[in-house]
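User: I'd like a quick walk through this one. Can you take my questions as they come?
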Amino acid sequence: MADLVHANHQLLYVMNRFGISLGFGDKSVEHVCEESGIESGFFLEIANAFHDEEYFPQKQLQNYSVSQIVDYLKKTHHFYLMERVPEIEGLIQIMISKETSHKKSLELVRSFFGEYSDELSAHIKHEDEIVFPYALELEDFCKRLEKAGKPPSIIRGYSMEKFIEEHGDLVEKLYDLKNIIIKYMPPVDNHNLANHVLFDLFSLEKDVRDHSRIEEKIMVPKVIEMEKLISGIK
Amino acid sequence: MPQFSVLICEGSYIVRKGLVKLLKETNKTLTVREAADVESFMSVLGYYEPDIIIINPDLFGSGNKLIRELPEKFRGRAIALSSEEKRENISLFPQTLLYSDSKSTILEKVRKVYGTVKGCRGANKMRGTVITEREKLIVRYIALGLTNREIAEKLFISTHTVVTHRKNITRKLGIKTVSGLTVYAILNNLINIEDINK
(Lines give C-alpha, C1' and ligand atoms only; values in the text may rest on other atoms or scores of the structure.)
Protein backbone atom coordinates (compact mmCIF):
# COMPACT_ATOMS: atom_id res chain seq x y z
CA MET A 1 0.00 0.00 0.00
CA ALA A 2 2.82 2.39 0.85
CA ASP A 3 4.31 1.71 -2.58
CA LEU A 4 1.10 2.96 -4.12
CA VAL A 5 1.42 6.30 -2.39
CA HIS A 6 5.03 6.60 -3.42
CA ALA A 7 4.09 5.83 -6.99
CA ASN A 8 1.32 8.41 -7.13
CA HIS A 9 0.59 10.53 -4.12
CA GLN A 10 -2.68 11.74 -5.62
CA LEU A 11 -3.98 8.32 -4.66
CA LEU A 12 -3.99 9.53 -1.08
CA TYR A 13 -7.27 11.20 -1.95
CA VAL A 14 -8.71 7.88 -3.08
CA MET A 15 -7.58 6.21 0.12
CA ASN A 16 -9.17 8.92 2.24
CA ARG A 17 -12.45 8.43 0.48
CA PHE A 18 -12.35 4.74 1.19
CA GLY A 19 -11.72 5.56 4.79
CA ILE A 20 -8.20 4.18 4.79
CA SER A 21 -5.98 5.95 7.29
CA LEU A 22 -2.24 6.36 7.06
CA GLY A 23 0.17 4.35 9.16
CA PHE A 24 -0.33 1.04 7.43
CA GLY A 25 3.30 -0.01 7.66
CA ASP A 26 4.29 -2.58 5.08
CA LYS A 27 0.90 -4.19 4.81
CA SER A 28 -0.27 -5.19 1.37
CA VAL A 29 -3.16 -3.53 -0.41
CA GLU A 30 -5.27 -6.56 0.19
CA HIS A 31 -4.48 -6.62 3.88
CA VAL A 32 -5.22 -2.92 4.40
CA CYS A 33 -8.47 -3.17 2.46
CA GLU A 34 -9.54 -6.16 4.48
CA GLU A 35 -8.89 -4.31 7.71
CA SER A 36 -10.92 -1.36 6.56
CA GLY A 37 -13.73 -3.56 5.35
CA ILE A 38 -13.25 -2.70 1.68
CA GLU A 39 -13.29 -5.07 -1.24
CA SER A 40 -9.73 -4.86 -2.49
CA GLY A 41 -10.72 -5.54 -6.09
CA PHE A 42 -13.00 -2.55 -6.10
CA PHE A 43 -10.39 -0.36 -4.48
CA LEU A 44 -7.86 -1.35 -7.12
CA GLU A 45 -10.33 -0.73 -9.89
CA ILE A 46 -10.90 2.82 -8.72
CA ALA A 47 -7.22 3.40 -8.01
CA ASN A 48 -6.29 2.24 -11.49
CA ALA A 49 -8.91 4.33 -13.20
CA PHE A 50 -7.78 7.29 -11.14
CA HIS A 51 -4.12 6.76 -11.82
CA ASP A 52 -4.10 5.85 -15.50
CA GLU A 53 -6.07 7.92 -17.96
CA GLU A 54 -6.06 5.13 -20.47
CA TYR A 55 -7.17 2.47 -18.06
CA PHE A 56 -10.44 1.01 -19.02
CA PRO A 57 -12.00 -1.56 -16.72
CA GLN A 58 -13.97 -4.11 -18.60
CA LYS A 59 -14.87 -7.51 -17.31
CA GLN A 60 -14.15 -6.80 -13.68
CA LEU A 61 -16.71 -4.08 -13.84
CA GLN A 62 -19.71 -6.32 -13.47
CA ASN A 63 -18.60 -7.56 -10.09
CA TYR A 64 -19.18 -4.34 -8.22
CA SER A 65 -22.50 -3.00 -7.19
CA VAL A 66 -23.75 0.41 -8.13
CA SER A 67 -24.20 1.21 -4.48
CA GLN A 68 -20.48 0.66 -3.92
CA ILE A 69 -19.61 2.95 -6.77
CA VAL A 70 -22.13 5.59 -5.79
CA ASP A 71 -20.93 5.50 -2.23
CA TYR A 72 -17.42 6.25 -3.37
CA LEU A 73 -18.52 9.02 -5.72
CA LYS A 74 -20.59 10.64 -3.02
CA LYS A 75 -17.68 10.68 -0.66
CA THR A 76 -15.65 12.40 -3.33
CA HIS A 77 -18.32 15.02 -3.74
CA HIS A 78 -18.47 15.58 -0.04
CA PHE A 79 -14.71 15.97 0.04
CA TYR A 80 -14.76 18.62 -2.68
CA LEU A 81 -17.42 20.72 -1.05
CA MET A 82 -16.42 20.28 2.56
CA GLU A 83 -12.64 20.23 2.32
CA ARG A 84 -11.07 21.25 -0.96
CA VAL A 85 -13.14 24.25 -1.88
CA PRO A 86 -13.19 25.85 1.60
CA GLU A 87 -9.45 25.25 1.83
CA ILE A 88 -8.75 27.17 -1.36
CA GLU A 89 -11.23 29.86 -0.42
CA GLY A 90 -9.44 30.22 2.87
CA LEU A 91 -6.08 30.61 1.17
CA ILE A 92 -7.39 33.27 -1.16
CA GLN A 93 -8.89 35.05 1.82
CA ILE A 94 -5.55 35.08 3.60
CA MET A 95 -3.91 36.38 0.45
CA ILE A 96 -6.37 39.23 0.35
CA SER A 97 -5.85 40.13 3.96
CA LYS A 98 -2.08 40.21 3.56
CA GLU A 99 -2.08 42.07 0.29
CA THR A 100 -1.38 45.78 0.31
CA SER A 101 -1.40 47.03 -3.26
CA HIS A 102 -3.62 44.73 -5.34
CA LYS A 103 -6.49 43.85 -3.06
CA LYS A 104 -9.02 44.59 -5.79
CA SER A 105 -7.53 42.11 -8.23
CA LEU A 106 -7.52 39.42 -5.61
CA GLU A 107 -11.14 40.16 -4.80
CA LEU A 108 -11.84 39.36 -8.44
CA VAL A 109 -10.06 36.06 -8.10
CA ARG A 110 -12.09 35.30 -5.03
CA SER A 111 -15.40 36.04 -6.68
CA PHE A 112 -14.38 34.02 -9.73
CA PHE A 113 -13.54 31.06 -7.55
CA GLY A 114 -16.85 31.62 -5.78
CA GLU A 115 -18.61 31.26 -9.11
CA TYR A 116 -16.74 28.07 -9.72
CA SER A 117 -17.68 26.66 -6.38
CA ASP A 118 -21.36 27.47 -7.05
CA GLU A 119 -21.10 25.67 -10.36
CA LEU A 120 -19.48 22.69 -8.71
CA SER A 121 -22.12 22.58 -5.98
CA ALA A 122 -24.93 22.68 -8.51
CA HIS A 123 -23.31 19.89 -10.49
CA ILE A 124 -22.86 17.77 -7.40
CA LYS A 125 -26.36 18.45 -6.18
CA HIS A 126 -27.75 17.30 -9.49
CA GLU A 127 -25.80 14.07 -9.33
CA ASP A 128 -26.55 13.39 -5.69
CA GLU A 129 -30.24 14.09 -6.03
CA ILE A 130 -31.08 12.79 -9.48
CA VAL A 131 -28.38 10.72 -11.13
CA PHE A 132 -27.34 8.57 -8.18
CA PRO A 133 -30.83 7.77 -6.93
CA TYR A 134 -31.72 6.85 -10.48
CA ALA A 135 -28.78 4.45 -10.70
CA LEU A 136 -29.58 2.94 -7.31
CA GLU A 137 -33.21 2.50 -8.14
CA LEU A 138 -32.28 0.76 -11.33
CA GLU A 139 -30.00 -1.59 -9.47
CA ASP A 140 -32.59 -2.32 -6.88
CA PHE A 141 -35.04 -3.04 -9.61
CA CYS A 142 -32.66 -5.41 -11.40
CA LYS A 143 -32.12 -7.30 -8.17
CA ARG A 144 -35.81 -7.82 -7.60
CA LEU A 145 -36.14 -8.86 -11.18
CA GLU A 146 -33.71 -11.68 -10.68
CA LYS A 147 -35.56 -12.93 -7.67
CA ALA A 148 -39.18 -12.65 -8.57
CA GLY A 149 -39.19 -12.04 -12.28
CA LYS A 150 -41.82 -9.38 -11.87
CA PRO A 151 -42.54 -7.06 -14.76
CA PRO A 152 -40.80 -3.71 -14.43
CA SER A 153 -42.52 -0.80 -12.79
CA ILE A 154 -41.88 2.64 -14.18
CA ILE A 155 -38.38 3.93 -13.78
CA ARG A 156 -38.23 7.66 -13.39
CA GLY A 157 -37.74 9.68 -16.52
CA TYR A 158 -34.02 9.73 -16.64
CA SER A 159 -31.40 7.90 -18.64
CA MET A 160 -27.65 7.62 -18.79
CA GLU A 161 -27.80 9.03 -22.27
CA LYS A 162 -29.13 12.20 -20.75
CA PHE A 163 -26.40 12.12 -18.15
CA ILE A 164 -23.65 11.83 -20.75
CA GLU A 165 -25.17 14.76 -22.58
CA GLU A 166 -25.33 16.92 -19.50
CA HIS A 167 -22.06 15.90 -17.98
CA GLY A 168 -20.33 19.11 -18.82
CA ASP A 169 -16.77 20.18 -18.47
CA LEU A 170 -16.27 20.93 -14.83
CA VAL A 171 -12.70 22.06 -15.12
CA GLU A 172 -13.02 24.90 -17.62
CA LYS A 173 -13.29 27.57 -14.97
CA LEU A 174 -10.40 26.10 -13.00
CA TYR A 175 -8.31 26.19 -16.12
CA ASP A 176 -9.20 29.85 -16.63
CA LEU A 177 -8.49 30.70 -13.04
CA LYS A 178 -5.05 29.16 -13.21
CA ASN A 179 -4.19 31.16 -16.28
CA ILE A 180 -5.53 34.35 -14.78
CA ILE A 181 -3.31 33.91 -11.73
CA ILE A 182 -0.28 32.74 -13.70
CA LYS A 183 -0.45 35.14 -16.59
CA TYR A 184 -2.61 38.13 -15.88
CA MET A 185 -2.53 39.01 -12.21
CA PRO A 186 -0.50 42.01 -11.12
CA PRO A 187 2.40 40.94 -8.88
CA VAL A 188 1.10 40.12 -5.43
CA ASP A 189 2.94 40.55 -2.13
CA ASN A 190 2.96 36.99 -0.96
CA HIS A 191 4.43 34.65 -3.54
CA ASN A 192 4.32 31.64 -1.33
CA LEU A 193 0.59 31.95 -0.79
CA ALA A 194 0.02 32.44 -4.49
CA ASN A 195 1.97 29.24 -5.10
CA HIS A 196 -0.15 27.41 -2.57
CA VAL A 197 -3.31 28.51 -4.27
CA LEU A 198 -1.94 27.45 -7.64
CA PHE A 199 -0.75 24.06 -6.40
CA ASP A 200 -4.17 23.48 -4.93
CA LEU A 201 -5.89 24.51 -8.13
CA PHE A 202 -3.70 22.21 -10.22
CA SER A 203 -4.38 19.37 -7.89
CA LEU A 204 -8.12 20.03 -7.70
CA GLU A 205 -8.31 20.24 -11.46
CA LYS A 206 -6.60 16.90 -11.85
CA ASP A 207 -8.71 15.37 -9.14
CA VAL A 208 -11.98 16.59 -10.65
CA ARG A 209 -10.91 15.39 -14.07
CA ASP A 210 -10.06 11.95 -12.72
CA HIS A 211 -13.30 11.88 -10.80
CA SER A 212 -15.36 12.66 -13.91
CA ARG A 213 -13.51 9.93 -15.73
CA ILE A 214 -14.44 7.42 -13.05
CA GLU A 215 -18.06 8.43 -13.36
CA GLU A 216 -17.95 8.09 -17.10
CA LYS A 217 -15.97 4.89 -17.29
CA ILE A 218 -17.20 2.94 -14.31
CA MET A 219 -20.65 4.14 -13.37
CA VAL A 220 -22.06 4.97 -16.79
CA PRO A 221 -21.34 1.64 -18.54
CA LYS A 222 -22.68 -0.25 -15.57
CA VAL A 223 -25.94 1.65 -15.55
CA ILE A 224 -26.30 1.44 -19.32
CA GLU A 225 -25.97 -2.30 -19.00
CA MET A 226 -28.91 -2.35 -16.60
CA GLU A 227 -30.93 -0.07 -18.81
CA LYS A 228 -30.45 -2.50 -21.68
CA LEU A 229 -31.47 -5.40 -19.49
CA ILE A 230 -34.67 -3.69 -18.47
CA SER A 231 -35.62 -2.47 -21.91
CA GLY A 232 -35.03 -6.01 -23.13
CA ILE A 233 -37.71 -7.30 -20.79
CA LYS A 234 -40.21 -4.71 -21.79
CA MET B 1 4.08 27.83 -25.56
CA PRO B 2 0.36 27.51 -26.08
CA GLN B 3 -1.29 24.21 -25.43
CA PHE B 4 -1.24 22.04 -28.43
CA SER B 5 -3.21 18.86 -28.96
CA VAL B 6 -2.78 15.73 -31.01
CA LEU B 7 -5.05 12.79 -31.69
CA ILE B 8 -3.27 9.59 -32.64
CA CYS B 9 -5.09 6.71 -34.29
CA GLU B 10 -2.95 3.62 -34.61
CA GLY B 11 -3.76 -0.03 -34.07
CA SER B 12 -0.39 -1.16 -32.76
CA TYR B 13 -0.14 -0.57 -29.04
CA ILE B 14 3.63 -0.37 -29.05
CA VAL B 15 3.79 2.08 -31.90
CA ARG B 16 1.03 4.25 -30.51
CA LYS B 17 2.49 4.45 -27.02
CA GLY B 18 5.95 4.99 -28.42
CA LEU B 19 4.80 7.93 -30.45
CA VAL B 20 2.93 9.42 -27.50
CA LYS B 21 6.01 9.17 -25.36
CA LEU B 22 8.24 10.67 -27.99
CA LEU B 23 5.96 13.64 -28.54
CA LYS B 24 5.48 14.24 -24.84
CA GLU B 25 9.19 14.13 -24.20
CA THR B 26 9.71 17.18 -26.33
CA ASN B 27 6.59 19.08 -25.36
CA LYS B 28 5.28 18.75 -21.87
CA THR B 29 2.20 20.88 -22.42
CA LEU B 30 1.08 18.67 -25.26
CA THR B 31 -2.22 16.90 -24.83
CA VAL B 32 -2.50 13.62 -26.62
CA ARG B 33 -5.60 11.52 -27.14
CA GLU B 34 -5.33 8.04 -28.49
CA ALA B 35 -7.55 5.73 -30.43
CA ALA B 36 -6.80 2.14 -31.37
CA ASP B 37 -9.44 1.80 -34.05
CA VAL B 38 -11.62 3.84 -36.35
CA GLU B 39 -14.65 3.62 -34.14
CA SER B 40 -13.04 5.11 -31.09
CA PHE B 41 -11.22 7.61 -33.28
CA MET B 42 -14.51 8.91 -34.60
CA SER B 43 -16.05 9.02 -31.17
CA VAL B 44 -13.13 11.08 -29.84
CA LEU B 45 -13.47 13.46 -32.78
CA GLY B 46 -17.10 13.85 -31.82
CA TYR B 47 -16.26 15.84 -28.73
CA TYR B 48 -12.65 16.79 -29.17
CA GLU B 49 -10.97 19.05 -31.65
CA PRO B 50 -7.26 18.31 -31.91
CA ASP B 51 -4.78 20.64 -33.59
CA ILE B 52 -3.19 17.75 -35.42
CA ILE B 53 -4.32 14.23 -36.20
CA ILE B 54 -1.91 11.39 -36.82
CA ILE B 55 -3.57 8.33 -38.29
CA ASN B 56 -2.63 5.02 -39.76
CA PRO B 57 -4.67 4.85 -42.96
CA ASP B 58 -4.45 1.05 -43.00
CA LEU B 59 -6.97 0.97 -40.19
CA PHE B 60 -9.61 2.41 -42.44
CA GLY B 61 -9.54 -0.29 -45.06
CA SER B 62 -9.15 0.45 -48.75
CA GLY B 63 -12.60 1.57 -49.80
CA ASN B 64 -13.23 3.87 -46.87
CA LYS B 65 -14.46 7.33 -47.76
CA LEU B 66 -13.24 8.77 -44.49
CA ILE B 67 -9.64 8.40 -45.32
CA ARG B 68 -10.11 10.72 -48.26
CA GLU B 69 -12.24 13.14 -46.30
CA LEU B 70 -9.99 13.48 -43.28
CA PRO B 71 -6.96 15.08 -44.96
CA GLU B 72 -9.40 17.47 -46.57
CA LYS B 73 -11.19 18.26 -43.37
CA PHE B 74 -7.98 18.81 -41.46
CA ARG B 75 -6.23 20.38 -44.39
CA GLY B 76 -2.56 20.70 -43.52
CA ARG B 77 -3.06 19.18 -40.09
CA ALA B 78 -3.40 15.49 -40.84
CA ILE B 79 -0.35 13.26 -40.73
CA ALA B 80 -0.26 9.68 -41.93
CA LEU B 81 1.49 6.97 -39.96
CA SER B 82 2.60 4.01 -41.95
CA SER B 83 4.74 0.91 -41.79
CA GLU B 84 6.04 1.42 -45.30
CA GLU B 85 6.50 4.21 -47.73
CA LYS B 86 4.90 2.84 -50.85
CA ARG B 87 1.27 2.98 -50.00
CA GLU B 88 -1.32 4.72 -52.05
CA ASN B 89 -3.44 5.70 -49.14
CA ILE B 90 -0.80 7.94 -47.62
CA SER B 91 -0.46 10.11 -50.70
CA LEU B 92 -3.34 12.34 -49.62
CA PHE B 93 -1.53 13.43 -46.49
CA PRO B 94 0.88 16.35 -46.48
CA GLN B 95 3.24 14.46 -44.22
CA THR B 96 3.90 10.81 -43.42
CA LEU B 97 5.61 9.31 -40.40
CA LEU B 98 7.18 5.94 -41.10
CA TYR B 99 7.75 3.20 -38.57
CA SER B 100 11.38 3.23 -39.62
CA ASP B 101 11.84 6.97 -39.09
CA SER B 102 14.37 8.12 -36.53
CA LYS B 103 13.35 10.23 -33.57
CA SER B 104 14.70 13.40 -35.08
CA THR B 105 12.98 12.77 -38.40
CA ILE B 106 9.66 12.23 -36.70
CA LEU B 107 10.00 15.37 -34.63
CA GLU B 108 11.04 17.38 -37.62
CA LYS B 109 8.01 16.22 -39.60
CA VAL B 110 5.62 16.92 -36.77
CA ARG B 111 7.17 20.33 -36.23
CA LYS B 112 6.70 21.21 -39.87
CA VAL B 113 3.03 20.44 -39.63
CA TYR B 114 2.79 22.25 -36.35
CA GLY B 115 4.44 25.21 -38.03
CA THR B 116 1.65 25.42 -40.56
CA VAL B 117 -0.92 25.09 -37.80
CA LYS B 118 0.65 27.99 -36.02
CA GLY B 119 0.93 29.86 -39.28
CA CYS B 120 -2.74 29.63 -40.05
CA ARG B 121 -3.52 30.59 -36.50
CA GLY B 122 -1.69 33.79 -37.30
CA ALA B 123 -1.01 34.98 -33.78
CA ASN B 124 1.92 37.01 -32.52
CA LYS B 125 3.27 34.01 -30.72
CA MET B 126 6.83 35.18 -30.51
CA ARG B 127 5.99 38.35 -28.69
CA GLY B 128 3.95 36.64 -26.04
CA THR B 129 0.22 36.81 -25.86
CA VAL B 130 -1.00 39.85 -27.60
CA ILE B 131 -4.54 40.21 -28.63
CA THR B 132 -5.34 42.68 -31.34
CA GLU B 133 -7.29 45.89 -30.76
CA ARG B 134 -10.25 44.28 -32.46
CA GLU B 135 -10.06 41.30 -30.14
CA LYS B 136 -9.78 43.58 -27.14
CA LEU B 137 -12.95 45.29 -28.19
CA ILE B 138 -14.66 41.93 -28.45
CA VAL B 139 -13.41 40.85 -25.02
CA ARG B 140 -14.89 44.08 -23.73
CA TYR B 141 -18.26 43.31 -25.26
CA ILE B 142 -18.19 39.73 -24.02
CA ALA B 143 -17.43 40.96 -20.52
CA LEU B 144 -20.33 43.36 -20.75
CA GLY B 145 -22.54 40.39 -21.41
CA LEU B 146 -23.31 40.88 -25.07
CA THR B 147 -24.24 37.86 -27.16
CA ASN B 148 -22.40 36.93 -30.33
CA ARG B 149 -25.24 38.35 -32.36
CA GLU B 150 -25.22 41.65 -30.52
CA ILE B 151 -21.47 41.93 -30.95
CA ALA B 152 -21.82 41.17 -34.65
CA GLU B 153 -24.41 43.91 -35.04
CA LYS B 154 -22.30 46.47 -33.23
CA LEU B 155 -19.23 45.77 -35.29
CA PHE B 156 -21.03 45.18 -38.59
CA ILE B 157 -19.58 41.73 -39.01
CA SER B 158 -21.18 38.29 -39.23
CA THR B 159 -21.76 36.17 -36.13
CA HIS B 160 -19.52 33.62 -37.76
CA THR B 161 -16.66 36.13 -37.66
CA VAL B 162 -17.41 36.86 -34.02
CA VAL B 163 -17.16 33.15 -33.27
CA THR B 164 -13.80 33.01 -35.02
CA HIS B 165 -12.57 35.99 -33.03
CA ARG B 166 -13.71 34.33 -29.83
CA LYS B 167 -11.87 31.15 -30.68
CA ASN B 168 -8.71 33.13 -31.33
CA ILE B 169 -9.09 35.06 -28.10
CA THR B 170 -9.59 31.90 -26.07
CA ARG B 171 -6.58 30.31 -27.65
CA LYS B 172 -4.30 33.29 -27.18
CA LEU B 173 -5.32 34.08 -23.62
CA GLY B 174 -5.89 30.55 -22.38
CA ILE B 175 -9.26 31.60 -21.00
CA LYS B 176 -12.38 29.78 -22.06
CA THR B 177 -15.30 30.99 -20.02
CA VAL B 178 -17.18 34.27 -20.14
CA SER B 179 -16.55 34.96 -16.47
CA GLY B 180 -12.87 34.25 -16.98
CA LEU B 181 -12.75 36.75 -19.82
CA THR B 182 -14.57 39.24 -17.65
CA VAL B 183 -11.90 38.97 -14.98
CA TYR B 184 -9.27 39.40 -17.68
CA ALA B 185 -11.04 42.47 -19.02
CA ILE B 186 -11.15 44.08 -15.59
CA LEU B 187 -7.53 43.26 -14.76
CA ASN B 188 -6.47 44.80 -18.04
CA ASN B 189 -8.67 47.84 -17.68
CA LEU B 190 -10.74 46.98 -20.71
CA ILE B 191 -13.80 47.61 -18.58
CA ASN B 192 -14.59 48.89 -15.11
CA ILE B 193 -16.33 46.82 -12.53
CA GLU B 194 -19.10 49.42 -12.48
CA ASP B 195 -19.77 48.83 -16.18
CA ILE B 196 -20.76 45.24 -15.57
CA ASN B 197 -23.45 46.00 -13.10
CA LYS B 198 -25.21 48.43 -15.34
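User: Which residues touch the most other members in the largest nonpolar core?
Analyst: Leu177(A), Val139(B) and Tyr184(B), out of 36 residues in that core. A nonpolar core here is a set of buried Ala, Val, Leu, Ile, Met, Phe, Trp, Tyr and Cys residues joined through C-beta atoms within 7 Å. Buried means 20 or more other C-beta atoms within 10 Å of the residue's own, with C-beta atoms placed from the backbone.
User: Before we go on, what am I looking at?
Analyst: This is a predicted model, where local features need pLDDT of at least 70, side-chain atom pairs count only at pLDDT 80 or more, and totals for chains, interfaces and linings use all residues. Residues are numbered from 1 along each chain as its sequence is written, and chains are lettered from A and ligands numbered from 1 in the order in which they are written.
User: What does Tyr184(B) touch?
Analyst: Ile180(A) and Tyr184(A) in chain A, plus Val139(B), Leu173(B) and Ile175(B). That leaves out residues up to four places away in sequence. Contact means C-beta atoms, placed from the backbone, within 7 Å.
User: What other core is there?
Analyst: One of 26 residues lies apart from it, including Ile54(B), Ile79(B), Leu81(B) and Val110(B).
User: Now the chain contact. How many residues does each chain give?
Analyst: Chain A gives 14 and chain B gives 11. On the chain A side, α6 (103-148) and α8 (172-184) give two or more residues each. α8(A) gives the most, with 8 residues.
User: How does that chain A side divide by class?
Analyst: 6 nonpolar, 2 polar and 6 charged. Ala, Val, Leu, Ile, Met, Phe, Trp, Tyr, Cys and Pro count as nonpolar, Asp, Glu, Lys and Arg as charged, and the others, Gly among them, as polar.
User: Switching to domains. Where are they in chain A?
Analyst: Domain 1 is 1-64 and domain 2 is 65-233. Such bounds come from an automatic or database domain assignment. Their C-alpha centres lie 20 Å apart.

Key:
Contact = placed C-beta atoms within 7 Å. Helix = DSSP H or I, 4+ residues; strand = E, 2+ residues; numbered from the N terminus. Buried ≥ 20, exposed ≤ 12 C-beta atoms within 10 Å, placed from the backbone.
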